[in-house]
Amino acid sequence: MAEDDIHDDLPRESGPAGGWGSMRGIAQVFGESWPTPGVLESLGRQNKPGGFMCSSCAWPKPANYKAFEFCENGAKATLWESTTARCRPDFWDDHTVAELLDWTDHQIESTGRLTHPMRYDAKTDRYVEVNWEEAFADIAAKLGELPPDDVVFYSSGHAGLEASYLWALLARLYGTNNLPQSSNMCHETTSVNLQKVIGSPVGTVIWEDLEKTDCFFFFGQNPGTNSPRFLHPLKEAKDRGARIVTFNPVREQGLVSFVDPQNPLDMAMGRETTISDQYHQLKAGTDIAAILGVAKAVVEADDAAGGTVIDWDFLREHATGHEDFIAHARAADWGAITAECGLDEGALRDAARVYMEARSVIGVYGMGLTQQAHGADNIGMLVNLLLLRGNIGRPGAGMCPVRGHSNVQGQRTVGIAEKADLVPLDRLAEMFDFDPPREDGTHVVDAGQGILEGRIRAILCLGGNLLRALPDTGRLEKTWRDQDLTVMVSTKLNRSHLYPGRTAYILPCLARTEEDEQATGNQYISIEDSFSMIHGSQGHRSPASDHLKSELAIVAGIAQALTPASPRRPWAEWVDDYSRVRDLIEATYPDDFRDFNARLNRPGGFWRDNPAHHRIWKTESGRAEFTVPERLNALSFEPEPGRYTLLTMRSNDQFNTTIYGYSDRFRGIEGTRDVLLMNAADMEREGLSHGDRVALLGDAGDGVERRLGGLEVIRFEMPEGTVGSYYPECNVLVPMGLHDRASKTPGSKAVPVRIAREAAAG
Ligand SMILES: Nc1nc2c(c(=O)[nH]1)N[C@H]1C(S)=C(S)[C@@H](COP(=O)(O)OP(=O)(O)OC[C@H]3O[C@@H](n4cnc5c(=O)[nH]c(N)nc54)[C@H](O)[C@@H]3O)O[C@H]1N2
Ligand SMILES: Nc1nc2c(c(=O)[nH]1)N[C@H]1C(S)=C(S)[C@@H](COP(=O)(O)OP(=O)(O)OC[C@H]3O[C@@H](n4cnc5c(=O)[nH]c(N)nc54)[C@H](O)[C@@H]3O)O[C@H]1N2
Ligand SMILES: [Mo]
């Protein structure tokens with residue numbers, strides 16, 4: 001079948017990303033059930049100094065902002081938290097927890113904003129209203145009975161720097177470094193492995209680099225869906241002649257073409273910009289082979305041109321290990337490379353040609369590289385490729401990992417870390433007059449494993465929906481309730497609340513768009529974006545309920561009930577005035593946060609700086625380190641007949657486990673999320689037709705049965721052997737033990753599965 005035919009029978013709005021489709025996407029959420037007054041004014045303040053920072057993704061906020069500096073998904077996030085729907089205590093008059101287990105994630109969150117602190121009552125299987133002081137006292141009492149090492153303090157990358165700093169302090173005062181975070185499931189691969197090879201746990205580019213570059217290489221990041229504001233600088237780059245080369249098993253519309261919804265002329269004319277000049281649909285998990293092929297073509301060109309293609313001066317001055325890597329690439333076998341990734345030699349040489357013609361190259365990547373069993377090698381290979389022509393640490397060039405949650409990077413910066421040596425414990429000891437724990441705490445995957453085995457006795461969550469986001473949800477649902485205590489600081493009801501521990505609390509908090517009125521007035525909070533820029537954020541809407549507390553006040557409430565009073569820890573004064581917490585952050589991290597309060601509202605944020613950006617390499621060798629890959633793919637398993645590589649996907653109509661709706665318009669999938677995307681040849685081999693119903697069976701060979709049924713087969717343009725289905729539904733299929741070795745990031749983008757036919761429904 002010709003490639004172009006493949007989508008013919010899909011109910012597909014095949015248009016470009018952005019454009020009228022994105023306006024319709026916003027209107028769908030806004031129009032039907034969100035007649036909230038003042039919400040347009042809120043959108044006008046989004047991502048601007050004096051306004052609030054989008055609670056959706058971590059994409060940077062430029063200094064020269066536009067009238068509306070938000071995207072379809074940022075608008076959805078704002079509208080979703082500004083809903084008029086309320087999940088009040090009387091909601092539980094009509095529902096039990098058991099009954100809600102059959103509800104979809106979309107239905108559960110659609111109950112609206114949580115309004116009161118609630119405690120689970122096992123006798124009636126409902127949550128009942130409780131007052132804040134009672135809740136804090138009881139949580140503290142229960143924690144007091146447990147060994148601190150059996151308790152986990154999770155956070156989801158959402159809360160601001162001030163609340164996050166105090167959350168980490170609370171855990172350490174209690175006596176544990178069990179401070180895992182959502183990035184453990186996300187960019188931990190970056191934090192660990194990028195640190196190892198270039199001495200920076202975060203990206204090296206800043207906004208100016210986007211404006212100067214003439215080439216982007218995209219690996220496994222989907223900007224149209226997950227960081228739509230990125231499409232604007234991409235379009236500007238294309239308009240000035242930059243080229244974009246994409247490696248992704250799935251043909252993602254946002255990487256194909258784009259119409260700017262904020263440019264009236266482009267909208268009126270339907271004027272599209274082609275995004276990717278080359279789109280390489282490699283097999284899932286085979287980026288190591290593909291990048292090795294591109295690097296091999298570069299090495300061959302350099303050999304042919306007498307050493308004028310590779311930046312040898314840069315390598316001699318700044319790198320180590322390049323001789324070995326270059327020899328490895330030279331000797332690599334084209335046949336093995338192309339068989340592994342499914343791309344032919346010509347395609348890889350085309351990509352190499354663009355790479356060599358570019359003055360400066362930015363390497364962009366996301367979950368396609370990080371959520372792999374050998375994610376470390378993926379990161380190492382992309383760094384190898386960039387280093388060959390000195391593409392790190394000069395204008396227009398560098399590494400650009402695109403982070404997820406709006407403050408996921410910042411929470412790590414201010415001490416939410418399970419690794420003790422990442423935190424200045426001595427300074428904390430002195431500042432707060434206590435003896436902090438020195439042992440490493442638990443990674444989120446180990447916490448999950450601990451809950452499966454009954455070792456973890458309590459979990460406190462600052463945001464998120466961890467039960468649903470972790471691998472092996474099916475197994476976790478069986479043991480999660482055995483915990484002595486579960487405490488969830490949340491804005492909306494979610495599935496994690498439906499598995500209450502013996503004692504369980506839901507503590508509802510203010511959302512970022514809302515006023516946070518304390519003794520000294522409406523407070524600012526702050527966040528750090530993907531480019532390490534710090535921004536202030538202030539809400540202006542009136543809170544969803546009078547009974548809500550800010551995240552910071554909730555953390556302080558627990559801390560005051562749990563930890564001994566001390567003049568060095570005036571929690572109440574910190575709640576009165578968040579700028580005092582910023583002073584503490586500055587005192588703890590003086591290099592990163594110099595003049596924190598004074599610089600809080602700089603347009604575009606203030607930069608924490610990054611040594612690798614200036615070619616200062618904080619690695620073991622003091623140089624940028626090449627790595628020789630030990631393998632050609634990042635997979636945890638070998639190919640076998642009937643075994644497929646499942647990549648778990650995000651739709652355009654969700655933010656992680658928050659499901660806004662059932663329209664994945666970029667992929668033409670409407671009205672359902674229960675789908676399995678498959679290549680036509682694979683369907684034929686399995687005797688399946690478009691629309692057939694199947695189940696996926698886990699094929700990890702670890703003796704655990706894993707199954708997800710009720711999926712409708714959709715013929716889709718993806719490579720043979722690779723299939724796709726949505727996260728979080730697919731998490732029942734992901735083994736807890738399937739993760740990157742060094743960082744333990746779950747391998748959610750390459751899960752071994754088999755396909756079983758099911759009888760057609762009804
Ligand atoms: N609307 C919306 N925005 C979001 C989120 C959301 O759920 N919805 N989540 C937020 C969060 S927390 C995060 S971390 C980011 C995630 O944003 P991304 O990093 O973009 O994450 P995904 O969409 O999970 O996967 C990215 C791409 O990887 C591709 N891929 C899968 N396997 C491979 C592979 O083996 N190789 C290559 N080269 N590509 C592969 C997939 O086809 C997909 O296009 O987005 C953030 N923004
Ligand atoms: N199979 C598979 N699994 C994955 C992934 C994947 O690609 N595939 N991606 C992984 C990634 S990248 C991530 S980051 C994790 C996400 O894991 P989490 O961060 O734990 O999950 P979210 O879905 O983002 O959390 C949603 C909940 O956060 C709460 N919330 C929303 N806003 C606020 C707020 O302002 N304050 C507070 N306190 N709570 C709030 C709401 O109650 C909402 O129900 O999932 C991971 N799991
Ligand atoms: Mo993420």
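Helix H10 (223–226), helix H18 (367–370) and strand S25 (654–655) each contribute at least two residues to the shell around ligand 1; helices (H or I, at least four residues) and strands (E, at least two) are DSSP runs numbered from the N terminus. Before I continue, a word on conventions. This is a predicted model, in which local features need pLDDT of at least 70 and side-chain atom pairs count only at pLDDT 80 or more, while totals for chains, interfaces and linings use all residues. Residues are numbered from 1 along each chain as its sequence is written, chains are lettered from A and ligands numbered from 1 in the order in which they are written, and side-chain values use heavy atoms, with hydrogens and water left out.

I stay with ligand 1. Of the 30 residues around ligand 1, those that come nearest are Glu-252, Gly-285, Asp-287, Gln-654 and Asn-656; a residue is near if one of its heavy atoms lies within 4 Å. The shell divides into 11 nonpolar, 15 polar and four charged residues, where Ala, Val, Leu, Ile, Met, Phe, Trp, Tyr, Cys and Pro count as nonpolar, Asp, Glu, Lys and Arg as charged, and the others, Gly among them, as polar.

A polar side-chain atom of Glu-252 lies 2.6 Å from an oxygen atom of ligand 1. A nitrogen atom of the ligand is 3.4 Å from a side-chain N or O atom of Asn-73, and a backbone N or O atom of Gly-220 lies 3.3 Å from a ligand nitrogen. The protein covers 98% of the 920 Å² of accessible area that ligand 1 has on its own (Shrake-Rupley method, 1.4 Å probe).

I turn to the salt bridges. The whole structure holds 44 of them, each a side-chain nitrogen of Lys or Arg within 4 Å of a carboxyl oxygen of Asp or Glu. Arg-113 and Glu-514 form one, at 2.9 Å from N to O. This pair links distant parts of the chain, 401 residues apart: Arg-113 is in strand S3, Glu-514 in the loop between strands S17 and S18. Arg-113 is buried at 1% relative accessible area, and Glu-514 is buried at 5% (buried is under 20%, exposed over 50%, partly exposed in between, with a 1.4 Å probe and protein chains only).

Finally, Glu-188, Arg-412, Glu-418 and Lys-419 are linked in a salt-bridge network.

Methods
Polar contact = N/O pair within 3.5 Å; in protein donor to acceptor, adjacent residues only side chain to side chain.
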